[in-house]
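Visitor: Can you walk me through a few side chains in this protein? Keep it quick, please.

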Amino acid sequence: EEPAVHPSITRIVCTLLLAAGAVSASGCNTAPPASTVADQPQPTEDQRFEELVAEFMPAFWRQNPSYAIYTGVYDHAAVLEPYDQAARDREAAFYATWNARLGDFDLKKLSAGNRSDLEMIRAMLAQGRWYLETFRAWQWQPSNYNVAGPFEVLLNTEYAPLEQRLRAVSDRLASVPAYYAAAQANVATPSLEHTELAMVQNRGALATFGDPLIAKARASALTDPEKAEFERRTRAAHAAIMGYIAFLEGLRPADGTASDGTDKAVRSFRIGRELYEQKFLLDNNTGFTARSIYERALAEKAWLHDEMAKRATTLWPRYFPEQEPPADRLVMIRTLLDHLSLKHVRKEDWVTTVRAQIPELERFVREKDLLDQDPTRPLKVRETPLYQRGFGALASVDAPGPYDPTRDTYYNVTPLDDFTPGQAESFLREYNDWMLQILNIHEAIPGHYTQLMHANKSKSLVKSVFGDGAMIEGWAVYSERMMLDAGYGGGTDEMWLFWMKWNLRAVCNTILDYAIHTEGMTREQMMDLLLREAFQQEAEASQKWQRATQSSVQMTSYFAGYAAIWQLQQQERARLGDQFSIKAFNNEFLSFGSAPVPVIKALMDEKNGVR
């Protein structure tokens with residue numbers, strides 16, 4: 001099924017059908033008689049661009065069949081390509097071809113929406129080429145290789161009858177051994193941290209390719225030969241994953257310690273200042289540079305400490321009536337937070353409590369009329385699938401793509417079963433009764449889940465598919481403050497104090513990520529920042545090191561995006577005065593999909609006649 005982009009332009013139908021080889025020359029005549037050519041109106045620049053987008057999107061999905069599955073495009077679901085040199089050559093050719101084809105448009109003649117779409121596609125192509133040729137994560141991050149995700153989507157999404165989906169799964173299974181053989185050939189001088197992550201996640205992937213999958217095929221209406229081949233391929237896939245894990249185990253230094261690049265067998269996880277600055281601009285289109293957002297975060301940390309000290313001074317007599325507050329304000333804040341953090345759910349109630357809070361958040365947003373919701377797209381809370389665990393995030397949203405917007409949206413929450421009593425207590429103090437609510441705002445309502453639901457309804461497919469990470473993460477952080485501004489939590493000093501602590505997390509994520517990758521910040525220095533200045537618990541702070549060593553730049557997206565969105569909202573408040581409506585702002589902002597904040601600002605300004 002070809003994606004429907006701008007269906008009002010009939011020329012697109014011919015382009016798509018010819019690309020699929022489904023229409024004869026008489027069925028879609030692209031060469032009208034010479035006598036009529038002069039009478040045909042020349043296409044506008046917008047029409048030319050929209051035709052090219054309608055051609056580009058199917059080509060993009062053919063180039064990226066696994067990514068297509070996540071967005072709801074199943075045309076190439078049976079395809080799993082090993083990422084070998086031939087695949088990389090095709091990828092490079094794709095970027096070059098489409099950069100050339102997108103280079104001859106007159107931007108002044110394009111509508112605002114199409115102009116921003118063109119800019120986003122070009123940015124995506126530039127980003128992809130940089131990752132391929134400069135960053136080369138495919139060579140030193142073994143965690144890039146894991147086949148489980150698309151298989152899980154195909155098996156658990158009823159986009160077609162079961163037998164059709166199982167045949168696609170079978171075809172993909174046939175390519176798993178070659179996929180991991182290419183992965184082994186690609187990996188050279190990997191970082192130890194990404195090697196460890198790859199082993200954890202691929203061990204989790206083994207559960208996808210076991211006896212339950214074979215039993216599903218046996219119970220289906222596949223033919224007996226198909227069932228036998230399905231079982232053979234499943235076991236071969238399982239063996240290939242085991243082989244990759246064994247290969248990775250052989251790459252680790254004998255003493256199992258991390259390396260900063262001194263050991264020739266592994267490379268440092270730190271990417272350095274030059275790559276970091278480049279990666280930040282490609283990944284986070286916010287109007288900030290990596291250095292400027294780092295400096296802004298340092299200033300924000302100081303402001304938050306000032307505000308928290310004011311709240312803590314007010315609360316201190318209520319909770320410690322017999323004690324004088326410590327002279328060190330950070331110690332005072334920490335003492336008060338630690339006392340309040342004793343109020344938390346039990347370890348065994350962690351998932352069920354999260355599930356119970358979702359309807360309450362929906363009700364508050366509805367009663368305060370903060371933005372549009374869609375009751376036909378409910379959020380389902382589930383335990384995080386095994387293959388997605390091991391990255392350090394214990395809560396995340398798994399949302400459908402714009403091509404399959406009716407697919408279930410899941411709020412993945414990882415149970416604390418593997419935590420020791422001490423680890424669980426530390427974790428639950430971090431996510432105490434106040435912080436847990438802010439977490440659910442961020443991940444679910446009106447955070448990630450709500451934003452992505454709106455994005456799937458955007459008129460621009462480009463803006464929904466090629467979303468900006470900083471806008472997505474920034475919206476989730478922005479939504480927290482927006483909810484508290486509306487009175488969520490009763491406006492108590494306790495609620496605001498914990499929001500400030502939570503916001504310090506986004507601020508310090510930016511500080512530590514930049515400092516770790518560009519200035520050599522050590523684990524001990526990071527722990528001091530998080531424990532003393534961000535008031536985090538030991539378990540939460542420890543996980544942050546794991547995350548920072550397994551990723552780069554992504555942790556800055558929260559604060560960078562939030563700062564850009566909050567700045568835009570404040571500008572709109574100042575411009576409109578008493579006419580400002582938070583619901584109108586939120587709905588308009590979200591209507592542009594997951595475009596970068598500067599792009600959304602330009603579109604809003606043009607729509608509203610702002611110069």
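Guide: Here are some notes on one serine and a few charged pairs. This is a predicted model: local features need pLDDT of at least 70, side-chain atom pairs count only at pLDDT 80 or more, and totals for chains, interfaces and linings use all residues. Residues are numbered from 1 along each chain as its sequence is written, and side-chain values use heavy atoms, with hydrogens and water left out.

Visitor: Is S170 buried or exposed?

Guide: S170 is buried, at 9% relative accessibility. Buried means under 20% relative accessible area, exposed over 50%, partly exposed in between (1.4 Å probe, protein chains only).

Visitor: Which residues does S170 contact?

Guide: Leaving aside neighbours within four places in sequence, S170 contacts F230 and R233. Contact means heavy atoms within 4.5 Å.

Visitor: New topic. How many salt bridges are there?

Guide: The count is 41. A salt bridge is a side-chain nitrogen of Lys or Arg within 4 Å of a carboxyl oxygen of Asp or Glu.

Visitor: Why can such side chains pair?

Guide: Side chains of opposite charge can pair when their charged atoms come close.

Visitor: What does E81 pair with?

Guide: E81 forms a salt bridge with R90, at 3.5 Å from N to O. E81 is partly exposed at 37%, and R90 is partly exposed at 38%.

Visitor: And which partner does K607 have?

Guide: K607 pairs with E588 in a salt bridge, with the closest N and O atoms 3.8 Å apart. This pair links distant parts of the chain, 19 residues apart. K607 is exposed at 58%, whereas E588 is buried at 14%.

Methods:
Helices (H or I, at least four residues) and strands (E, at least two) are DSSP runs, numbered from the N terminus.
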